[in-house]
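I'm opening my notebook on a structure that is new to me. Here is what I looked up, entry by entry.

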Amino acid sequence: ITKMHFQWDWLCLGVLIISSVTAGMENEENLDADVEVENFDKQSQEADVDREKSSIEVVYQTPKPTGEVYFTETFDAGLSGWVLSVTLKEDMDDNVAKYDGRWEVEELKENAVPGDKGLVLKSVAKYHAISAMLTKAFVFDDKPLIVQYEVNFQKGIDCGGAYIKLLSSGNDLNLEYFFDKTPYTIMFGPDKCGEDYKLHFIFRHKNPKTGEYDEKHAERPDVDLKKFYLDKKTHLYTLVLKPDDTFEILIDQTVVSKGSLLENMIPPVNPSKEIEDPTDKKPDDWDERPKIPDPNAVKPDDWDEDEPAKIEDPDAVKPEGWLDDEPQYVPDPNARKPKDWDEEMDGEWEAPQIPNPKCETAPGCGEWVRPMKNNPKYKGKWRAPMIDNPNYQGIWSPRKIPNPDYFEDLHPFKMTSVSAIGLELWSMTSDIYFDNFIICSEKEVADRWAADSWGLKKLVASANEPGMFSQLVTAAEEHPWLWVLYILTLALPVGLSVLFCWPGKKSDEYIDFKKTDVSKQIAKGELKEETEEFEDDELEEEKENEDTGEDERREMEETKRELIKDTKKMGREAPVSDIYDDEEENEVPDEEENEVADGSQEGDRSNKSDSEDEKKEADEGMGDRPLKSVRKRRVRKD
């Protein structure tokens, strides 16, 4: 039991330590989460943020590229270099087809960095188109293409896009007439309508045989994109195209999708070598049925297809008290015709129907009808059992022939060069924020650019985020069932702590066991004192008996002599001690009388010798023998 309690104590201590360490770790994680800023450059310094402050002051400077770039835009200087489209969409009514959506340059509505401005889509349910020329055209040869920009759905998003287009180089490129049919090389960015959350990466591939362009769509990312559209935070979108025909798509500098231009595009860049022959037709006698009805099966003679599935129960009996003449519903006697009721317009007024009150106490009202039951003779329509088709030929498919349009493009990275960037969008939600565009060939340049721009936005947003407790309360307000989870989470460790750490009531067996252990531990001095007291009592009793029992001894001697004589006469011979013992058994066990009876010299010597032997044994075993055994000897002597 002691070992068990020792284990429980250690278990209790372990639970408390784990709880305290976990609480400390959560506290540290919460503090770190509030001041965490991603380190885009290993040489940048770590930022310390005071958690108790509701905002943070940052010094904003317009970011500048640190390497070769093809295009950068911060919008801090307005819309310089950007061109609004003045054309119309094709195949639409002129009033709807106009690109009259409004653009503005302004700061973020929440978590704004003072002095940092961006391009904002302001109109709802209108077409927007704006574009700008690159500093220099990008040619797909031996350098990667990196496209990066920021998006913030400040009001969330119902239906609309925030993607960009890299417009193809050409002599006929005119930004004032930029619209949905303008040739582009790459389209990249988020798009959402309804519950369909997309992240586009589309490139237009030129067929080397026909010269026509086909759109190739990257496979959908495997991650959940919903939070990026609804959290009203600024997110960083990055596309990396490499000369080895691979690509990566990143959100907030985390890869969400990657693959090969040759293998992970829909439809594939290269067509299949063989195609189905369009002129091939399935033969008329081709049998694709794996099972057929058994032609040799015969319907049994007793199979009656006319039997109904249900019949009236002939054993049913109408319940007593059934009210055949009472309808189930009657007009409401308390109903009154409305005062504004016009019989010419509304027709004849009738009181509304209510359940017949007489039917409430009766088993039923109206005409009684026998209930229906399953027909035991019903078998349904007979059908022959199915068997394997001996003429089964499998599923027919057209034969394969060589694809006349087959080609093999081993390097789809070599796309049409791009000379401009454009946004051609339609949205049902306003205030979509764009900022800090960059097109370059070095990932380090894009990361440095992000650290000087998006990194500051993230720093401010992190400092302004509510604490963990506020976030939990907000989540519970949106999803009330979370309160149950919170209560269980708090009650579980408390309950375990009470169960394992609260001192329990000791059982009776445990208490008796401990008492026995204590009684066995007795000092040698205590045992000696008990023995001395016992000897003193014996001496006092002997002195008292010597004075008062002299006369009684004489009477006892005479009685013994008479008994001896009587015994000899009866032909028996018994020792005096036996007769004395028998006499002691017949006498009342009074302490004084026993002492007198033992007053003879032989009895005295016997008692004294016994007492000396007992004292000697007690002295020899005084250190180890328990007090309990001494008490037993004392009682036996008494």
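**Entry 1: Asn152**

I began with Asn152, which sits in strand β6 (residues 145-153). Strands here are DSSP runs of E with at least two residues, helices are runs of H or I with at least four, and both are numbered from the N terminus. Before going on, I note that this is a predicted model, where local features need pLDDT of at least 70, side-chain atom pairs count only at pLDDT 80 or more, and totals for chains, interfaces and linings use all residues. Residues are numbered from 1 along each chain as its sequence is written, and side-chain values use heavy atoms, with hydrogens and water left out.

Is Asn152 buried or exposed? Asn152 is buried, at 3% relative accessibility. Buried means under 20% relative accessible area, exposed means over 50%, and partly exposed is in between (1.4 Å probe, protein chains only).

Which residues is Asn152 in contact with, leaving aside neighbours within four places in sequence? I listed Leu108, Lys232, Lys233, Thr234, Asp431, Ile432 and Tyr433. Contact means heavy atoms within 4.5 Å.

**Entry 2: cysteines**

How many disulfides does the structure hold? I found 2 disulfides, each being a pair of cysteine sulfur atoms within 2.5 Å.

One of them joins Cys159 to Cys193, at 2.1 Å from S to S. This pair links distant parts of the chain: Cys159 is in strand β7 (residues 159-161), Cys193 is in strand β9 (residues 184-193), and they are 34 residues apart. The torsion about their S-S bond is about -95°, so I noted the disulfide of Cys159 and Cys193 as left-handed. As for cover, Cys159 is buried at 18% relative accessible area, while Cys193 is partly exposed at 43%.

Cys359 and Cys365 form a disulfide too, with their sulfur atoms 1.8 Å apart. The link of Cys359 and Cys365 is left-handed, with -125° about the S-S bond. Both of these cysteines, Cys359 and Cys365, are buried.

I also looked up Cys440, which is buried at 0% relative accessibility.

**Entry 3: a surface patch**

Which residues make the nonpolar surface patch of about 240 Å²? I wrote down Val124, Trp426 and Met428. Patches are made of residues with over 30% relative accessible area and no salt bridge; nonpolar side chains (Val, Leu, Ile, Met, Phe, Trp, Tyr) are joined within 5 Å, like charges within 9 Å. A salt bridge is a side-chain nitrogen of Lys or Arg within 4 Å of a carboxyl oxygen of Asp or Glu. The areas come from the Shrake-Rupley method with a 1.4 Å probe, and for residues only the protein chains shown count as cover.

Trp426 is in strand β24 (residues 418-427), and counts as partly exposed at 31% relative accessibility.
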